[in-house]
Amino acid sequence: MHPRDQTIFALSSGRPPSAIAIARVSGPQAGKIATALVGKLPSPRMATHALLRDVGQRPIDDAVVLWFPAPASATGEDVAEFHVHGGRAVLTALLAAIADFENVRPAEPGEFTRRAFENGKLDLTEAEGLDDLIHADTDRQRRQALRQLKGLLGDKARDWRAQIIEASALIEAGIDFSDEGDVPEELIAPALGRVEALLTEIGEVLSAEGRGERLRDGLVVAIAGPPNVGKSTLMNQLARREVAIVSPHAGTTRDIIEVQLDLDGYPVTVIDTAGIRRTDDPVEQEGVRRARARAAEADLVLWLSDSADAAIEHEAAAPVWTVRNKIDLTASGQPLAEQGRFNISASRGDGVPELITALVGFAQEFFGRGEGGLISRTRQRKLLQETAASLRRCTEVIGQGEELAAEELRSAAHSLGRLLGRVDVEDILDVIFREFCVGK
């Protein structure tokens with residue numbers, strides 16, 4: 001039997017123990033399994049209280065069971081859900097009882113969602129939105145993922161594809177009636193008008209400057225500087241917990257430490273790097289090399305020092321803010337926050353709130369104010385760029401022959417089909433769905 005014809009099951013809730021756990025079954029055997037464990041098939045889409053029993057009629061647990069017959073289910077197949085107490089012994093017994101049935105196997109990562117995609121319950125952009133929603137760490141990421149899951153990009157892509165097909169039909173009709181005087185012009189002119197309008201609309205989506213992709217990936221801020229200037233102390237202040245070892249001895253941080261922050265809903269990764277200095281210690285040399293490399297890849301560098309005239313030993317395209325630390329140790333030290341220059345005391349917290357406020361402002365500019373763009377992945381941007389390029393070529397070659405223009409429209413429609421996952425995407429499906437967790 002083909003794996004897609006087998007019935008799959010998985011724990012779809014969190015790791016046990018938990019108050020409630022949900023085991024999910026999808027496929028042609030789901031109804032048989034529900035009938036065997038419950039004693040009868042529950043009413044569709046009605047929560048049914050039942051004592052679950054295995055094939056030997058031994059009780060498993062007191063549960064709530066839901067039955068969703070195809071095609072009105074999340075996957076488009078027969079689906080049964082068992083809501084049980086979340087103890088390990090209960091789940092072991094329940095999953096073992098389900099696995100006893102023939103042609104039933106544990107689900108692979110993302111397999112429930114993949115079956116929903118293959119059965120037309122959602123397109124590929126919505127599946128990607130679901131994955132982003134599961135992995136969203138901040139409120140802004142959640143809102144962007146929810147827009148994707150609700151089909152905003154997919155709905156637009158379907159509408160664009162329908163308009164392209166209509167324009168293509170007009171041009172091809174013009175080819176068919178090219179021997180009947182002025183008929184071709186009457187058909188081709190509105191087709192080109194529609195193509196130009198689509199180019200403008202798709203261009204507006206592409207011009208969002210990658211805000212959606214940046215919001216999905218997050219902002220990377222590197223704390224760099226010489227040894228023993230308080231980088232780890234500042235890291236702990238920003239994280240509001242002890243994530244890095246603080247020591248008065250220079251060179252304590254040898255490797256890169258990362259912490260994920262939520263700054264006003266924006267995802268920010270802060271990196272504490274090894275102190276940058278000349279050293280004969282091979283381990284510390286490797287730490288310095290990694291520090292320079294990671295800082296070079298950051299979106300913003302906080303260059304920390306403990307003196308007002310310290311030199312910046314960093315070369316990168318990213319903006320660099322100079323942060324003078326340990327102002328509590330100088331009589332004239334006062335907090336400062338202006339145009340990328342800050343005076344702080346990481347140990348006491350002086351000036352740190354102002355630094356965080358500036359980081360939030362930088363994040364707002366980096367991600368773009370307001371909601372994120374419709375595009376959240378490089379794959380989506382690339383296919384929309386290919387679509388726009390085909391449409392643009394269509395307008396350029398129409399004078400050389402309607403056949404060339406029609407071929408460019410077919411290419412544009414094909415790119416949008418790939419965006420939605422409806423044509424020629426087998427090569428990327430495994431890559432996308434294996435990122436999902438098991439049970440989703």
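A residue is called buried here when its relative accessible area is under 20%, and this cut-off is applied below to a model that is predicted.

Just after α13 comes Gly421, which takes a positive phi of about 85 degrees.

The partner to consider next is helix α12, residues 378–397, which packs with α13, residues 402–420, at an angle of about 170 degrees, the two axes lying 8 Å apart. Because of that angle, α12 is roughly antiparallel to α13. The residues of this contact divide into 11 nonpolar, 5 polar and 5 charged. Among those that α12 brings to the contact are Leu383, Leu384, Leu391 and Val397, while those from α13 include Leu404, Leu409, Ala412 and Leu416.

Burial is also the way into strand β9, residues 266–272, where 7 of the 7 residues are buried, so the strand is largely enclosed by the rest of the structure. In a regular strand the side chains alternate between the two faces of the sheet. In β9 both faces are covered, with Tyr266, Val268, Val270 and Asp272 buried on one side and Pro267, Thr269 and Ile271 buried on the other. Strand β7, residues 219–224, pairs with β9 in the parallel sense over 5 bridges, whereas strand β8, residues 257–263, pairs with β9 in the antiparallel sense over 7 bridges. Val268 is the bridge partner in β9 of Leu219, and Val268 is likewise the bridge partner of Leu261. Between β8 and β9, which form a hairpin, there are 2 residues, and Asp264 in the turn has a positive phi of about 55 degrees.

Elsewhere, an open sheet of 6 strands runs in the order β3-β4-β5-β2-β1-β6, with mixed pairing. Its edge strands are β3 (48–53) and β6 (104–106), each of which pairs on one side only, and the twist averages 30 degrees from one strand to the next. Within this sheet, β4 (residues 59–68) and β5 (residues 79–86) pair in the antiparallel sense over 5 bridges, and Phe68 stands opposite Val79 in β5. Helix α2, residues 88–99, packs on the sheet, touching β1, β2, β3, β4, β5 and β6, and its direction makes about 155 degrees with that of β5. Helix α3, residues 111–118, also packs on the sheet, where it touches β1, β2 and β6, and its direction makes about 135 degrees with that of β1.

Definitions and conventions. Residues are numbered from 1 along each chain as its sequence is written. This is a predicted model: local features need pLDDT of at least 70, side-chain atom pairs count only at pLDDT 80 or more; totals for chains, interfaces and linings use all residues. Side-chain values use heavy atoms; hydrogens and water are left out. Axes are lines fitted to C-alpha atoms, for helices over the stretch in contact, and angles run from 0 to 180 degrees between N-to-C directions. Helices (H or I, at least four residues) and strands (E, at least two) are DSSP runs, numbered from the N terminus. Angles under 35 degrees count as roughly parallel, over 145 as roughly antiparallel, 65 to 115 as roughly perpendicular and the rest as oblique. Contact means heavy atoms within 4.5 Å. Ala, Val, Leu, Ile, Met, Phe, Trp, Tyr, Cys and Pro count as nonpolar, Asp, Glu, Lys and Arg as charged, and the others, Gly among them, as polar. Buried means under 20% relative accessible area, exposed over 50%, partly exposed in between (1.4 Å probe, protein chains only). Two strands pair if DSSP finds at least two bridges between them.
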